[in-house]
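Subject: Structure handover

Hello,

Here is the structure I promised you. Please open it next to this email and follow along.

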Amino acid sequence: MAAYIIANVDVTDPEQYKAYQQLSTHAMKTHNVTVLARGGETLALEGNAPKRTVILKFETMEAAEAFYNSPEYLAARQAREGAAHMTMYVVQGV
């Protein structure tokens, strides 16, 4: 069953965040991730919209967790430290 990583991001250091974007793109390509949304325009219908939203599709919850814990994405996460506040979670599809 499909699973989706959803990230809400508040970038605090755009220059440093560029390194994260490059490394996370590499990780996504390495792990065959389907990108459904990555920083496009957001319109709040209820509550407050996050500043940046990313939605990634995976074949399974396990594949999403494997991506998150992979050496490639670990390098991206380390590059992001201090450059953004992020809420990220994985949700199982229907």
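Start with Val91, which lies in strand β4. Strands (E, at least two residues) and helices (H or I, at least four) are DSSP runs, numbered from the N terminus. At 36% relative accessibility, Val91 counts as partly exposed. The scale is this: buried is under 20% relative accessible area, exposed is over 50%, and partly exposed is in between, with a 1.4 Å probe and protein chains only. Leaving aside neighbours within four places in sequence, Val91 is in contact with Ala3, Tyr4, Ile6 and Met61. Contact means heavy atoms within 4.5 Å. Val91 and Ala64 are 27 residues apart in sequence, yet 9.3 Å apart in space, C-alpha to C-alpha.

Two notes on the source. This is a predicted model: local features need pLDDT of at least 70, side-chain atom pairs count only at pLDDT 80 or more, and totals for chains, interfaces and linings use all residues. Residues are numbered from 1 along each chain as its sequence is written, and side-chain values use heavy atoms, with hydrogens and water left out.

Gln92 is also in β4, which covers residues 84–92. Gln92 is partly exposed, at 48% relative accessible area. Not counting residues up to four places away in sequence, Gln92 touches Met1, Ala2, Ala3 and Met61. Gln92 and Glu59 are 33 residues apart in sequence and 9.8 Å apart in space, C-alpha to C-alpha.

Now the core. A nonpolar core is a set of buried Ala, Val, Leu, Ile, Met, Phe, Trp, Tyr and Cys residues joined through side-chain atoms within 4.5 Å. The largest one here has 17 residues. Ile5, Tyr17, Val33, Leu56, Phe58, Phe67 and Tyr73 have the most contacts inside it. At least two core residues come from each of β1 (3–11), α1 (14–30), β3 (52–58), α2 (61–68) and α3 (71–80). The largest share, four residues, is from α1. In soluble globular proteins, nonpolar side chains tend to be buried together.

How do α1 and α3 lie against each other, roughly parallel or roughly antiparallel? Their axes come within 8 Å and cross at roughly 170°. Axes are lines fitted to C-alpha atoms, for helices over the stretch in contact, and angles run from 0 to 180 degrees between N-to-C directions. Under 35 degrees counts as roughly parallel, over 145 as roughly antiparallel, 65 to 115 as roughly perpendicular and the rest as oblique. So α1 and α3 are roughly antiparallel. Among the residues in this contact are Tyr17, Tyr20 and Ser24 of α1, and Tyr73, Ala76 and Arg77 of α3.

Ser24 is buried, with a relative accessible area of 2%. Apart from neighbours within four places in sequence, Ser24 contacts Arg38, Tyr73 and Ala76.

Next, the rings. Five aromatic pairs turn up in a search of the whole structure. Rings of Phe, Tyr and Trp (its six-membered ring) pair if their centres lie within 6.5 Å; planes under 30 degrees apart are stacked, over 60 edge-to-face, and the rest tilted. Tyr68 and Tyr73 form a tilted pair, 5.8 Å centre to centre with 50° between the planes. Tyr73 is buried at 2%, whereas Tyr68 is partly exposed at 30%.

Last, Asn32. It lies in the loop between α1 and β2 (34–38). Asn32 is exposed, at 70% relative accessibility. Its phi is positive, about 55°, although Asn32 is not a glycine.

Best wishes
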